[in-house]
Amino acid sequence: MIFLKEESFKIIGLCMEVHNQLGAGFLEIVYKDALEYEFKKGNIPYAREKKFEVIYKGIILPHNFYADFVVYNEIILEIKCASNLCDADIAQCLNYLKVSQCKLALLVNFGEKSLVHKRIVL
């Protein structure tokens, strides 16, 4: 069974729509703006640039993490615009999952000819 299947399917579908409309080559902020438009249009609950504190040995560290989006209050959506995804991108998503208590991250790369996405489950 795929965790949060319907929700992640909708999110990836919207990412594909944005990529089909804009293609590759824009900065991340452009894709984030387009996705925000699609989330609003589709009445999909989301938070953009969601801040997460990092707790270490009971104290809150001075630097925070900011996830691109948290969708349906359960899915981290991390946007990239690179020639390809790398291990550091996956590690970043894993860190977001740890600090957010979410169980699923979608890592999406708009920088390639075709949309590339990965599901990362904690």
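This report covers salt bridges in a predicted model.

## Overall count

The structure holds eight salt bridges. Side chains of opposite charge can pair when their charged atoms come close. Some of these pairs join up: Glu 28, Lys 32, Glu 49 and Asp 68 form a network of salt bridges.

## Lys 32 and its partners

Lys 32 bridges to Glu 28, with an N to O distance of 3.8 Å. Both residues sit in helix α2, which spans residues 28-41. They are four residues apart, about one turn of the helix.

Lys 32 also bridges to Glu 49, at 3.2 Å from N to O. This pair links distant parts of the chain. Lys 32 lies in helix α2, while Glu 49 lies in strand β1 (residues 46-52), 17 residues apart.

## Accessibility in the network

Is Lys 32 buried or exposed? Lys 32 counts as buried, because its relative accessibility is 8% and the cut-off for buried is under 20%. Its two partners fall in another class. Glu 28 is partly exposed at 27% relative accessible area. Glu 49 is partly exposed too, at 35%.

Asp 33 and Arg 48 meet in a salt bridge of 2.9 Å, N to O. Here again, distant parts of the chain are linked. Asp 33 belongs to helix α2 and Arg 48 to strand β1, 15 residues apart.

Asp 33 is partly exposed, with 41% relative accessible area. Arg 48 has 22% relative accessibility and counts as partly exposed.

Methods. Residues are numbered from 1 along each chain as its sequence is written. This is a predicted model: local features need pLDDT of at least 70, side-chain atom pairs count only at pLDDT 80 or more; totals for chains, interfaces and linings use all residues. Side-chain values use heavy atoms; hydrogens and water are left out. A salt bridge is a side-chain nitrogen of Lys or Arg within 4 Å of a carboxyl oxygen of Asp or Glu. Helices (H or I, at least four residues) and strands (E, at least two) are DSSP runs, numbered from the N terminus. Buried means under 20% relative accessible area, exposed over 50%, partly exposed in between (1.4 Å probe, protein chains only).
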